[in-house]
Amino acid sequence: MQDGAQAMEMVLITGMSGSGKSVALHALEDAGFYCVDNLPPELLLPFVELEQQHQARRIAIAMDVRSATSLPLVPHHLDTLRSRGMHIKSLFLDSDTETLVRRYSETRRKHPLSQPDPGNRAQDARRALVEAIELERTLLATLREQAHVIDSSIIRAAQLQGYVKALISAPTGQLTLVFESFAFKRGVPTDADYVFDVRMLPNPHYEADLRALTGRDQPVADFLQAQAEVQLMLNHIAHFLESWLDALARDHRSYVTVAIGCTGGQHRSVYLVERLSQRFTPQWVTLTRHRELDAR
């Protein structure tokens, strides 16, 4: 088992019901993983041993709250597999409660923790659904803390698939920095470890020639490069990360997500994400996301 474990890569997908676990699993299947949905935690170790006998090299497993009573077994099982040399990446898909309520209402699916509603009134049904979602958050809290979180609240399925494929392509065993730009007007991403608000910086939106461009375009970059406040913010964020990344790596963190937000998620936050990624790529594995631009 030792030799097989050293060669095998496993991705564990958990998260809130309705947050896109099936979409993520399909992305991994496209990437060449052998995928299993809703595997009971009790079967994790036997399943891995069986796949090693079959000389499998890449497997992906999705688990959800339907295995609630045995979910506490998962962290111990993962530690066991890592001790045998297996490379494991854990992803947790999350969405805000209002988004999950809307998705369940649109699909008319029943939440796995929902109880029968004797009154059957719309208000009572919504309250019961919200209670089920919050209970699910509590049950999954430990798994969320030990995984890389992806907030799927306002991203399209294609974006989610792209994020998952980028994450699994990053080298295993090294801390990966994820720089993400976003628009405050569309909400703060819940998957961020650190959030920086840059709305006080000079805004290219008010320059007629720059309004339609983005922070990845050279004219916008030139404009922001010339602003002393922008460069000061860039250096402050970089200094903070440079001061703490080694400590985070020693704490066995696999991913650190740094979210940079401006008003529209088009100019300032995009520019800073691109510059930070360039600055840290020589020392760390880095990924970039532009939540609003990627949705276009």
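A: Asp94, Glu134, Arg137 and Arg144 are linked in a network of salt bridges. A salt bridge here is a side-chain nitrogen of Lys or Arg within 4 Å of a carboxyl oxygen of Asp or Glu. The model is a predicted one, in which local features need pLDDT of at least 70 and side-chain atom pairs count only at pLDDT 80 or more, while totals for chains, interfaces and linings use all residues. Residues are numbered from 1 along each chain as its sequence is written, and side-chain values use heavy atoms, with hydrogens and water left out.

Helices (H or I, at least four residues) and strands (E, at least two) are DSSP runs, numbered from the N terminus. Asp94 has 5% relative accessibility and counts as buried, whereas Arg137, with a relative accessible area of 23%, is partly exposed. Buried means under 20% relative accessible area, exposed over 50%, and partly exposed in between, with a 1.4 Å probe and protein chains only.

In general, side chains of opposite charge can pair when their charged atoms come close. A search of the whole structure finds 15 salt bridges. One of them joins the side chains of Glu292 and Arg186, at 2.5 Å from N to O. Glu292 is in helix α11 (residues 291-294) and Arg186 is in the loop between β6 and β7, so the parts that this pair ties together are 106 residues apart in sequence. Glu292 is buried at a relative accessible area of 8%, and Arg186 is partly exposed at 39% relative accessibility. Asp197 and Arg199 also form a salt bridge with their side chains (2.8 Å, N to O). In this pair Asp197 is partly exposed at 30% relative accessibility, and Arg199 is partly exposed with a relative accessible area of 41%.

Two strands pair if DSSP finds at least two bridges between them.

Strand β8 (residues 255-262) has 8 of its 8 residues buried, so this strand is largely enclosed by the rest of the structure. Tyr255, Thr257, Ala259 and Gly261 point one way from β8, while Val256, Val258, Ile260 and Cys262 point the other way. Strand β6 (residues 176-183) runs parallel to β8 and is joined to it by 8 bridges; Phe182 has Gly261 of β8 as its bridge partner. Strand β7 (residues 194-197) is also parallel to β8, with 4 bridges between them, and Val195 stands opposite Ala259 in β8. Between β6 and β9, which run parallel, there are 6 bridges, and Thr176 stands opposite Val285 in β9.

Axes are lines fitted to C-alpha atoms, for helices over the stretch in contact, and angles run from 0 to 180 degrees between N-to-C directions.

Helix α10 also packs with helix α8 (residues 218-225), at an angle of about 85° and with the axes 10 Å apart. That makes α8 roughly perpendicular to α10. Angles under 35 degrees count as roughly parallel, over 145 as roughly antiparallel, 65 to 115 as roughly perpendicular and the rest as oblique. In this contact, Ala221, Leu224 and Gln225 of α8 meet Arg268, Tyr271 and Arg275 of α10. The contact of α8 with α10 has 3 nonpolar, 1 polar and 2 charged residues. Contact means heavy atoms within 4.5 Å. Ala, Val, Leu, Ile, Met, Phe, Trp, Tyr, Cys and Pro count as nonpolar, Asp, Glu, Lys and Arg as charged, and the others, Gly among them, as polar.
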